[in-house]
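Colleague: Could you take me through one part of this model closely, namely where the two chains meet? I'd like one connected account.

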Amino acid sequence: MWQALRTELAPPGVEVVTVALDTGGIDAAGPFIAAASPEHPSLIDEAHVSAERFGFVNVPNAVWIDEAGMVVRPSHPAHVKVSNLRQIEVTPDMGYLGEMLTELQKFNVDAATYLEAMRDWVEHGADSRWALSPDQVVEASRPRPREHAEAAAAFELGQHLHRAGHPDDAVAWFKRAHELHPENWTYKRQAWTFVTTPEGQPSDLIQADNDVYGTSWLDEVRRLGPETYYEPFGS
Amino acid sequence: MLLTSTTTDPAAFAAATGWAVKPEGACRADMCVPLPDDVHVDGGLDVTVLADRLGMPVLRDDDHGLVALGPATVVGRALETAEAPELELPDADGNPFRLSSLHGKKVLLVAWASW
C-alpha cells in the first residue's frame, strides 16, 4: 500500500518513510515489511519514540513535512485505501467478528479525500489549502495536557520493562497509560497484543477480552464511540 | 526519557527530548525557557529542575531503579514548534536512519504497526 504510493510520489520529489510502532521490533514488523518489498525507508520504532515526538495515537497516522524540514500537516489519520473489511456484509452468523466489523464500518475513513489532499500538497506546496502555516501546525497538533505527558512516561516505562524481560511488571504501567490517555490506541493495542496473541502467531487483530486488562478492542471502541477512532481528515 | 538517576548530561537530554540547554535556558527551535542556576549539578543537569520548568512529569519505578521523564507540556501541544523533531531509528536492515537526511524533499512520515 505505502510502496504503491511511494511509486506515485517519488517522481515529483516526495519520500515516504514508514515507522513500525512495534515494541516487538524487527521480529514483529519484519515479516510485514518483507512482504511489502518497500523501496522507501522502513523504520523500526521499538520504543514508540516517533509517536511521542509527533503525536501519533493510532495507526495509520501520518505527518507531512516540507523541503525545509517543517511540519505542514501534524499527526492525522492517513488512509490511502479503503479496507476490504469495510465492504463485508455483516450477517448474524458472524458472531464476535461480525460485532467488530459493525463497529469498524462506522469509522471515519475517506481515502479519496486524503489522496486528493496529498496530491494537491505535492503539486502546490505551501500554496495548497491543505498545507498549514507554522502557527496553525502547532495549534492543530494534538493537545498535550499534563495527564497525556504522564501517560507517555508510563508507557515508556511499560514498554522498556516488557523489552527488558519483565512483562508482568510492565502491565501496571501500561494500565496507567491507558487510564491517563484513553483515546491513545497505540498504548492500548500495543499492550493488549502481548497478552492476546496466540502462541506462534505474528499478531492478533481481534484483541478480545482478557484477564490481564479486563477489556477488549471491541469494548473500548464501543465505550469511546467508533466515530472517535479516527478523526475526519481536515477536521 | 528513561534514566537511572535524576542527573543527566546536556547531550543526552537534548537527544531524548529535543530541548537543548543553553546559557539563555532550555531551547527548542526559536523557543527558550529560562532555567535557574541550580539546574547545573555535579555530573550534569538536575532533571527535576528541568522537569519543573518544562512541565515534564516524572515517574519513578523504584523496583527497577528507573526514572521516566514525560514530554514537555509548556505549550500544551504535541508539537511545540512546526520544525520537525529529529528522529533517528534503525531501518529494517538495522542501519541507522535520520529523518533530517531527507531535507530538500517533501516527506510523508507514516506510523503503522503489526498489531
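Modeller: Two residues are in contact if their C-beta atoms, placed from the backbone, lie within 7 Å. Keep in mind that this is a predicted model, where local features need pLDDT of at least 70, side-chain atom pairs count only at pLDDT 80 or more, and totals for chains, interfaces and linings use all residues. Residues are numbered from 1 along each chain as its sequence is written, with chains lettered from A and ligands numbered from 1 in the order in which they are written.

On that basis, 47 residues of chain B are in contact with 70 residues of chain A. On the chain B side, β8 (58-61), β9 (66-69), β10 (88-90) and β12 (106-112) each give two or more residues; strands here are DSSP runs of E, at least two residues long, and helices are runs of H or I, at least four, numbered from the N terminus. The largest share, seven residues, comes from β12(B). By type, that side of chain B has 29 nonpolar residues (Ala, Val, Leu, Ile, Met, Phe, Trp, Tyr, Cys and Pro), 10 polar (the others, Gly among them) and eight charged (Asp, Glu, Lys and Arg).

Now for β12(B) itself: this strand pairs with β3 (residues 61-65) of chain A, antiparallel, over five bridges, where pairing takes at least two DSSP bridges between the strands. In the loop between α3 (49-54) and β3 of chain A sits P60(A), joined to V59(A) by a cis peptide bond with omega about -5°. Most peptide bonds are trans.
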